[in-house]
Amino acid sequence: MVIMTSPPTFEPVLARIAEEVARTPGRGRPADYIPALAACDPRSFGMAVAEPDGRVYGVGDWREPFSTQSVTKVFTLALDLAREGDALWEHVGREPSGNPFNSLVQLEYENGIPRNPFINAGALVVTDRLQTRTGDASGELLAFLRAESGNPGLDFDPEVAASEAAHGDRNAALGHFMASYGNIDNPVPVLLDQYFRQCSIRASCADLALATGFLARHGVRADGTRLLTRSQAKQVNAVMLTCGTYDAAGDFAYRVGLPGKSGVGGGIIAVVPGRCTLCVWSPGLDERGNSVSGVAALDRFTTLTGLSVF
């Protein structure tokens with residue numbers, strides 16, 4: 001006789017990870033170059049796992065909204081790639097940079113073409129191209145995140161956007177430099193306003209785990225419609241794996257073994273294609289801008305579950 005049982009949930013694994021994180025000293029420091037983020041408590045921790053059918057599990061501060069920052073670059077990339085396809089890759093590369101996320105170094109000798117969509121220069125290019133195609137890149141992004149997460153309350157944080165604008169000289173330099181090479185379509189002030197609004201969106205681990213689900217479903221949105229082809233979803237996951245955690249992408253792939261994208265707000269999203277998506281948040285960062293506890297939690301998740309792309 002075969003006894004049918006319910007499939008196991010991720011809850012015991014998440015509980016164990018949260019207990020281990022709580023006992024770990026040295027959990028990094030919040031981003032202090034954005035004043036609105038500097039006051040975050042580095043001991044905060046939340047983690048969520050969403051399955052392709054929309055079931056979501058969480059632990060800790062998993063429903064606490066936080067500043068998404070560079071995590072949003074994944075979604076703008078997907079939204080633009082869905083519109084223009086491979087033509088996008090004529091304006092931004094797919095290679096790891098090996099330099100800090102806000103570096104200007106490579107742009108000059110690579111003729112204004114950023115190495116990948118997840119360093120700031122590359123994200124500015126993607127946002128610019130989405131702005132050209134929609135007239136409101138940040139609004140398009142917000143609508144997508146609301147729909148995929150099922151949370152209509154997601155919104156921009158004006159304080160964070162203003163804080164980034166007040167300290168955005170390097171991003172402005174990146175934008176103007178690329179414009180000088182003809183790789184920016186819109187006026188740089190318009191682009192920067194869209195980019196800072198994009199990065200200011202507040203969302204929880206639950207929201208972002210659900211919103212990332214289309215990458216686990218090989219390009220299919222929560223409502224069953226297709227955003228990306230299967231091949232395009234593979235491309236986004238591949239670039240996340242090789243470029244998603246700034247100049248620590250090799251170490252992240254070595255430890256975690258999943259496509260992932262981090263942000264200086266302390267969030268990291270990750271994808272197990274066909275199986276689940278994750279989001280972890282803890283605002284204490286390492287010297288490369290990645291969440292210390294977030295990387296450790298994802299490392300433990302793949303170790304405990306055996307779920308990895310390798």
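Student: Which residues lie nearest the centre of the second largest pocket?

Tutor: First, the idea. On a 1 Å grid over the protein atoms alone, a pocket is an open set of points with protein on both sides within 12 Å along at least five of seven lines. Lining residues have an atom within 4 Å of a point. Here the second largest pocket has a lining of 15 residues. Nearest its centre are C40, P65, F66, S67 and R202. Helix 2 (35–38), strand 3 (66–67) and helix 7 (158–166) are the elements that each give two or more residues to this lining. Helices (H or I, at least four residues) and strands (E, at least two) are DSSP runs, numbered from the N terminus.

Keep one caution in mind: this is a predicted model, where local features need pLDDT of at least 70, side-chain atom pairs count only at pLDDT 80 or more, and totals for chains, interfaces and linings use all residues. Residues are numbered from 1 along each chain as its sequence is written, and side-chain values use heavy atoms, with hydrogens and water left out.

Student: How much space lies in that pocket, and what classes line it?

Tutor: A volume is the space filled by probe spheres set on the grid points, which are joined across faces, edges and corners. For the second largest pocket, that space is about 190 Å³. For classes, Ala, Val, Leu, Ile, Met, Phe, Trp, Tyr, Cys and Pro count as nonpolar, Asp, Glu, Lys and Arg as charged, and the others, Gly among them, as polar. The lining has seven nonpolar, five charged and three polar residues.

Student: Which residues does the UniProt annotation "binding site" cover?

Tutor: Read such labels with care. UniProt annotations may be inferred rather than shown by experiment; their positions follow the numbering used here, and feature names are shortened. The unreviewed entry puts "binding site" on S70, N120, E164, N171, Y195, Y246 and V264.

Student: Is Y195 buried or exposed?

Tutor: Y195 has 2%, so it is buried. Y195 sits in helix 9 (residues 188–200). V264, in the loop between strand 5 (260–262) and strand 6 (267–272), is buried too, at 5%.

Student: What does Y195 touch?

Tutor: Contact means heavy atoms within 4.5 Å. Setting aside residues up to four places away in sequence, Y195 touches K73, N120, A123, L124, T127 and N171.

Student: How many residues make up the largest nonpolar core?

Tutor: A nonpolar core is a set of buried Ala, Val, Leu, Ile, Met, Phe, Trp, Tyr and Cys residues joined through side-chain atoms within 4.5 Å. The largest has 61 residues. F75, L215 and L228 have the most contacts inside it. A second, separate core has 25 residues, among them L14, Y57, V256 and F301.

Student: Which residues does D185 touch?

Tutor: Look beyond sequence neighbours. Not counting residues up to four places away, D185 touches D128, R129 and T132. D185 and T132 are 53 residues apart along the chain, with their C-alpha atoms separated by 7.2 Å. D185 is in the loop between helix 8 (169–180) and helix 9. At 46%, D185 is partly exposed.

Student: Where does S138 lie, and what is it in contact with?

Tutor: S138 is in helix 6 (residues 137–149). S138 is buried, with a relative accessible area of 1%. Beyond its neighbours within four places in sequence, S138 is in contact with F156, Q194, R197 and Q198.

Student: Is A39 buried or exposed?

Tutor: A39 is exposed, at 74%. A39 is placed in the loop between helix 2 and strand 1 (46–50). The C-alpha atoms of A39 and E95 are separated by 34 Å.

Technical notes:
On a 1 Å grid over the protein atoms alone, a cavity is a set of points where a 1.4 Å probe fits but cannot get out, and a pocket is an open set with protein on both sides within 12 Å along at least five of seven lines; lining residues have an atom within 4 Å of a point. Buried means under 20% relative accessible area, exposed over 50%, partly exposed in between (1.4 Å probe, protein chains only).
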